[in-house]
Amino acid sequence: MAAGDMRDNLLGISWVDSGWVPILNPGNVLDYFSERSNPFYDRTCNNEVVKMQRLTLEHLNQMVGVEYILLHAQEPILYIIRKQQRQAPSQGGPVTVPLADYYIIAGVVYQAPDLGSVIGSRVLSAVHGIQSAFDEAMSYCRYHPSKGYWWHFKDQEEREKAKPKSKKKEEPSSLFQRQRVDMLLLDLRSKFPPTFYQPKPGEKPIPVEVKKEPEPPAETVKQETEREPTTKTSAPAPPSKPPPEKRARLQ
């Protein structure tokens, strides 16, 4: 990342000097924050002037410009430093405007995001999630001129294949349905009664041809009658008894 980009976007970086971490305390935390390698520290602030002149931090109240103060300390892990703009020497009224806050956790320095950055980040995350949901939903949308729009999910075909195919049973009609159908048929019959053709007086009726099957010839009838006894005689005859023995007569 370029140096200009790091200065513009300080919310995504951190800084630490491991040599100071074991000895950090509320008395030297501002000296630790004013290290030259710290990208969050402004060299043109009043703290740098006081440090060069070897004055105490109480002289900051009599100066005008950018300064750093220790806002909160929770030893030994948490320290909060505020960057503020002093508009006039302190005379008991609010003469400072907060510019930024920095928190030090276990020696690591971070810049606290402002309210606008937090809201912008949350809105961007929400919009990204909504856009991703719309893109995924559009991938399942299908359209055909004859069918219109419908949803086609990837696991829909697998579910349909896994389901056992059940035959649809035809349900019997109910009494209400039968009565309703009978009423409709009677209504149609009353509106459109059947018409029968009646001949006018003196008009001959139209003969109706009735097709008769041709009678079989007499020879075929005789052959069938002759086949019947043969079929009867062809059946096996029951076993016959032997003839009685002849006895000799005595004279």
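**Loop between α3 and β1.** I began with R54, which sits in the loop between α3 and β1 (helices are DSSP runs of H or I, at least four residues, and strands runs of E, at least two, numbered from the N terminus). The model is predicted: local features need pLDDT of at least 70, side-chain atom pairs count only at pLDDT 80 or more, and totals for chains, interfaces and linings use all residues. Residues are numbered from 1 along each chain as its sequence is written, and side-chain values use heavy atoms, with hydrogens and water left out.

I looked up phi for R54 and found a positive value near 55°, in a residue other than glycine. Most residues other than glycine have a negative phi, and most peptide bonds are trans. R54 is exposed at 80% relative accessible area (buried is under 20%, exposed over 50%, partly exposed in between, with a 1.4 Å probe and protein chains only).

**Loop between β3 and β4.** Next came A106, in the loop between β3 (96-105) and β4 (108-111). A106 is not a glycine, yet its phi is positive, about 55°. I noted A106 as partly exposed, at 46% relative accessibility.

**Loop between β1 and β2.** Which form does the peptide bond from E75 to P76 take, cis or trans? I found cis, with omega near 0°. P76 belongs to the loop between β1 (65-74) and β2 (78-86).
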